Amino acid sequence: MILLNDFKRQWHATKDATLAAFSEVGESGWYILGAQVRSLEKALAELWGVRGCVGVASGLDALEISLKVLGCRQGDRVLTTPISAFATTLAILKIGAIPVFADTDRFGLLDLEGCETLLGERPDIRFLLPVHLYGHALDMRRMCRIRERFGCKIVEDCAQSVGASFNGSQTGQAGHMAATSFYPTKNLGVMGDGGAILTNSDEWCERARCLRDYGQTSKYTHDVVGYNSRLDELHSSFLLHVALPLLNSWIARRRVIAERYCAEIRNKKIRIPGAPPNSNSCWHLFPVYIAPEQKSDFMADLKGQGILSGEHYPFLIPEQAALSGLDFELCGELVNARNISQSEVSLPIHPYLTDDEVSQVIEVCNRWKR
Ligand SMILES: *Cc1c(COP(=O)(O)O)cnc(C)c1O
């Protein structure tokens with residue numbers, strides 16, 4: 001079976017280095033908020049080209065804490081996308097803030113042009129939570145312009161965009177803060193949960209550091225109501241000694257696979273959106289579009305030939321039952337987003353996919369007809 005992610009292969013390729021990284025933590029006798037977390041935060045800030053990084057327990061927490069740090073409170077409106085991991089909206093809801101869903105572009109990413117127009121008409125929307133979806137980078141220049149023109153606070157969701165850049169600017173550098181996730185499937189994943197907050201502001205960094213650890217400002221002193229959201233030493237050590245040294249080769253491999261899919265899949269019934277102009281994508285996922293009435297047939301055909309595929313994401317977030325009865329807003333009919341949610345299928349793309357397997361996926365796609 002060709003899997004969407006092959007963690008067993010990753011384990012076999014990284015086992016010795018991983019056990020050594022875990023052993024280092026064991027030998028240190030220090031498991032929470034120690035030297036590994038501090039070194040990792042320094043390395044990640046450097047990698048991202050920002051001043052500060054705060055490790056937290058998940059991508060969801062990274063988003064929620066970032067919004068909190070920027071002053072987002074109950075009743076505040078947060079402009080965001082209807083196509084993402086549910087966690088993006090969940091972070092807004094958990095604060096009691098009100099998600100405002102705008103349509104996406106043809107790549108499935110929040111349409112920033114539409115956002116600009118909307119923000120011009122709606123000064124009550126004070127926060128923007130865009131997602132660099134599928135590993136594609138949103139237009140960073142436009143995001144900077146939005147930040148300057150409207151004075152709204154921006155948290156970039158970089159959970160899927162580690163390693164992606166727009167015209168040379170890495171994702172996460174345009175907003176006030178950025179959040180990422182180390183969930184296993186992500187481009188920079190751990191063997192469990194984890195996340196990080198990135199920002200150029202020392203003050204916001206300090207606030208996030210305080211919030212992740214029960215709102216402690218110093219030992220036994222709690223000035224705010226915080227969280228238990230600490231990235232642990234084991235995962236930090238894994239990231240530092242195993243995943244980060246491999247990250248560039250992992251992303252390079254994803255790019256090679258994406259390039260082959262783009263060049264070699266030739267089937268009129270499979271639309272390949274590719275990457276948005278100027279985005280040097282890190283290809284967290286490889287989405288293709290299939291006519292909605294043929295989508296399940298396509299996925300079943302792949303599965304019948306030993307290839308698993310995914311859907312990102314088959315339902316619009318505002319249509320999830322969890323939002324019924326809650327306050328949220330839709331900007332228009334969300335036509336693009338709806339089309340994409342009905343037609344998107346994700347082909348396998350991960351660093352441990354072999355050339356033969358990539359050829360197999362291409363062949364099966366090219367043979368599929370209905
Ligand atoms: C995975 C993901 C998250 C949530 O990260 P967790 O670590 O699972 O909490 C948020 N946003 C996006 C776009 C994601 O892909």
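1. A polar backbone atom of Gly 59 is 2.7 Å from an oxygen atom of the ligand. For Gln 160, an N or O atom in the side chain is 2.8 Å from a ligand oxygen. Lys 186 places a polar side-chain atom 2.9 Å from an oxygen atom of the ligand.

2. Burial and contributing elements. The ligand taken alone exposes 380 Å², and the protein buries 90% of that (Shrake-Rupley areas, 1.4 Å probe). Helices (H or I, at least four residues) and strands (E, at least two) are DSSP runs numbered from the N terminus.

3. Helix packing. Helix 2 (residues 35-48) packs with helix 8 (residues 233-264) at an angle of about 35°, the axes being 7 Å apart. Axes are lines fitted to C-alpha atoms over the stretch in contact, and angles run from 0 to 180 degrees between N-to-C directions. The crossing is left-handed, that is, the near helix is turned anticlockwise from the far one by less than a right angle. In contact (heavy atoms within 4.5 Å) are residues including Leu 40, Ala 43 and Leu 44 of helix 2 and Leu 240, His 241 and Leu 244 of helix 8. The contact residues divide into 10 nonpolar, five polar and one charged.

4. Backbone geometry. The His 312 to Tyr 313 peptide bond is cis, with omega near 5°. Tyr 313 lies in the loop between helix 9 (295-304) and strand 14 (329-330). Asn 167, a residue other than glycine, has a positive phi, near 50°, and is found in the loop between strand 6 (165-166) and strand 7 (169-170).

5. Conventions. Residues are numbered from 1 along each chain as its sequence is written, and side-chain values use heavy atoms, leaving out hydrogens and water. As the model is predicted, local features need pLDDT of at least 70 and side-chain atom pairs count only at pLDDT 80 or more, while totals for chains, interfaces and linings use all residues.

Methods:
Polar contact = N/O pair within 3.5 Å; in protein donor to acceptor, adjacent residues only side chain to side chain. Nonpolar A, V, L, I, M, F, W, Y, C, P; charged D, E, K, R; others polar.
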